[in-house]
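Hi,

Here is the model I said I would pass on.

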Amino acid sequence: MNAPAKIAVLISGRGSNMQALAQNAGDDYEIVMVASDRPSAPGLAWAIEHGLPTFALSPKGIGKAAFEDVLDHTLRDAGTQWIALAGYMRLLSNAFVARWRGRIVNIHPSLLPKYKGLDTHARAIAARDLMAGCSVHVVTEELDAGEVLGQQEVAILPDDTPDTLAERVLAAEHQLYPAVLKEFVRR
Ligand code: GRF
């Protein structure tokens, strides 16, 4: 049995996907760092309460390149092998993506390649799609365009609003992300 893969999770907000990843950690992977570009991200408080190592730094004032340099060093010092984005709202630079090529994954609330970017649920409802869902994909320089590693469909109900749909898709995300991550770090 190999040692658990060392994962760093990057968040900007409430971090519910980070929590799902942490709660499903075990023999396959462990969380070695929860990092945020927003020191006030509610998910950081949860991580601290649960004894996870955290790192928080705002790029404001120091600029993106310096921010990513510090982030990169912090992640490497923690022994990070893979990075999982979970509601991380900042675009990573091409240089950062290149340094971690093939080792950054993200969860996106649509059935990619449909609805890259924001407002995915409103767009799916407006298009009268029958199915929405979520995707875990490899992060490349192009937004939400890397290899899709796994998806979960969620039916759109006749009365759905973007908020009610988002709630059910989020529950699906919490199932999908840990399962796909476990497979990905083993392949
Ligand atoms: C999720 O909908 C995820 O798909 C998207 O951002 C949201 C993050 O939610 N990338 P949370 O911070 O994990 O609760």
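Is Ser-135 buried or exposed? Ser-135 is buried, with a relative accessible area of 0% (buried means under 20%, exposed over 50%, partly exposed in between, with a 1.4 Å probe and protein chains only). You'll find Ser-135 in strand 6, residues 131–138 (strands are DSSP E runs of at least two residues and helices H or I runs of at least four, numbered from the N terminus). A polar atom of the Ser-135 side chain lies 2.6 Å from the backbone oxygen of Ser-110, and one lies 3.0 Å from the backbone nitrogen of Leu-112.

A quick word on the source: this is a predicted model, where local features need pLDDT of at least 70, side-chain atom pairs count only at pLDDT 80 or more, and totals for chains, interfaces and linings use all residues. Residues are numbered from 1 along each chain as its sequence is written, and side-chain values use heavy atoms, with hydrogens and water left out.

Now the ligand. Residues around the ligand include Asn-17, Gly-87, His-108 and Glu-173 (a heavy atom within 4 Å counts). Helix 1 (16–23) and strand 5 (104–108) each supply at least two residues of that shell.

Oxygen atoms of the ligand pair up with the protein as follows:
- a polar side-chain atom of Arg-14, at 2.4 Å
- a polar backbone atom of Gly-15, at 2.9 Å
- a polar side-chain atom of Ser-16, at 2.6 Å

Taken alone, the ligand exposes 370 Å², and the protein buries 85% of that (Shrake-Rupley areas, 1.4 Å probe).

Cheers

Technical notes: A polar contact is a pair of N or O atoms within 3.5 Å; within protein, one must be able to donate a hydrogen and the other to accept it, and residues adjacent in sequence count only if both atoms are side-chain atoms.
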